[in-house]
Amino acid sequence: PGTYRSGSAINFAHGTTVTLDAQGNSDGVFHFQAGTTLVTAADTSFNLIGGARAENVIWTLGSAATLGARSVMEGSIIAGTSITVGTGSKLHGCA
């Protein structure tokens, strides 16, 4: 858990699996902030372990989010301009 910042974009390559480990703290919050965009390439997924919960994952973006085809995303996405969800993608949270 914690706050993670990027002055520009957050990008995940094709087929990436990101593991978020709350280390036994089911109230632990993961807050990701980007000055511009979040982009997940096709087949990106997130693995929540150690008590991590989708409702405690927050993505705050200066402009836009784009989820690639078949991506499985965890958390709530707040974007300044737009959120695009690719074919077959799933969001366990809200946008």
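This is a predicted model: local features need pLDDT of at least 70, side-chain atom pairs count only at pLDDT 80 or more; totals for chains, interfaces and linings use all residues.
Which residue in β4 is the bridge partner of Thr-3? The residue is His-31. Strands β1 and β4 run parallel, and 5 bridges join them.

Now widen the view to the sheet. It is an open sheet of 4 strands, with parallel pairing. Their order is β1-β4-β7-β10. At the edges lie β1 and β10, the latter made of residues 76-79. Each of these edge strands pairs on one side only. From one strand to the next, the twist averages 10°. In general, the strands of a sheet pair through backbone hydrogen bonds, either parallel or antiparallel.

Next come the aromatic rings. A search of the whole structure turns up 5 aromatic pairs. Take Tyr-4 and Phe-32. Their ring centres are 5.3 Å apart and their planes meet at 20°, so this pair is stacked. The cut-off behind that word is an angle under 30 degrees. Tyr-4 sits in strand β1, residues 2-6, and Phe-32 sits in strand β4, residues 30-34. The pair therefore ties together parts that are 28 residues apart in sequence. Phe-32 is buried, with a relative accessible area of 11%.

A second pair is Phe-46 with Trp-59. Here the ring centres are 5.7 Å apart and the planes stand at 75°, so the pair is edge-to-face. That term applies to angles over 60 degrees. Phe-46 belongs to strand β6 (residues 45-49) and Trp-59 to strand β7 (residues 57-61), so this pair links parts that are 13 residues apart in sequence. Phe-46 is buried at 8% relative accessibility. Trp-59 is buried too, with a relative accessible area of 0%.

In soluble globular proteins, nonpolar side chains tend to be buried together. The largest nonpolar core of this model has 18 residues. Which residues have the most contacts inside it? They are Leu-38 and Trp-59. Several strands contribute: β2 (10-12), β3, β4, β7 and β8 each supply at least two residues of this core. Leaving aside residues up to four places away in sequence, Trp-59 touches a list of residues that includes Ile-10, Phe-12, Phe-32, Leu-38 and Phe-46. Also among them are Met-73, Glu-74, Ser-76, Ile-77 and Ile-78. Phe-46, the edge-to-face partner of Trp-59, is thus one of the residues that Trp-59 touches.

Finally, turn to two loops. Each holds a residue with a backbone angle to note. Gln-23 has a positive phi of about 50°, although it is not a glycine. Gln-23 lies in the loop between β3 (17-21) and β4. Is this residue buried or exposed? Gln-23 is exposed, because its relative accessible area is 67% and the cut-off for exposed is over 50%.

The other residue is Arg-70. Its phi is also positive, at about 60°, and Arg-70 is not a glycine. The loop that holds Arg-70 runs between β8 (64-67) and β9 (72-74). Arg-70 counts as partly exposed, at 47% relative accessibility.

Definitions and conventions
Residues are numbered from 1 along each chain as its sequence is written. Side-chain values use heavy atoms; hydrogens and water are left out. Rings of Phe, Tyr and Trp (its six-membered ring) pair if their centres lie within 6.5 Å; planes under 30 degrees apart count as stacked, over 60 as edge-to-face and the rest as tilted. Buried means under 20% relative accessible area, exposed over 50%, partly exposed in between (1.4 Å probe, protein chains only). Two strands pair if DSSP finds at least two bridges between them. Axes are lines fitted to C-alpha atoms, for helices over the stretch in contact, and angles run from 0 to 180 degrees between N-to-C directions. A nonpolar core is a set of buried Ala, Val, Leu, Ile, Met, Phe, Trp, Tyr and Cys residues joined through side-chain atoms within 4.5 Å. Contact means heavy atoms within 4.5 Å.
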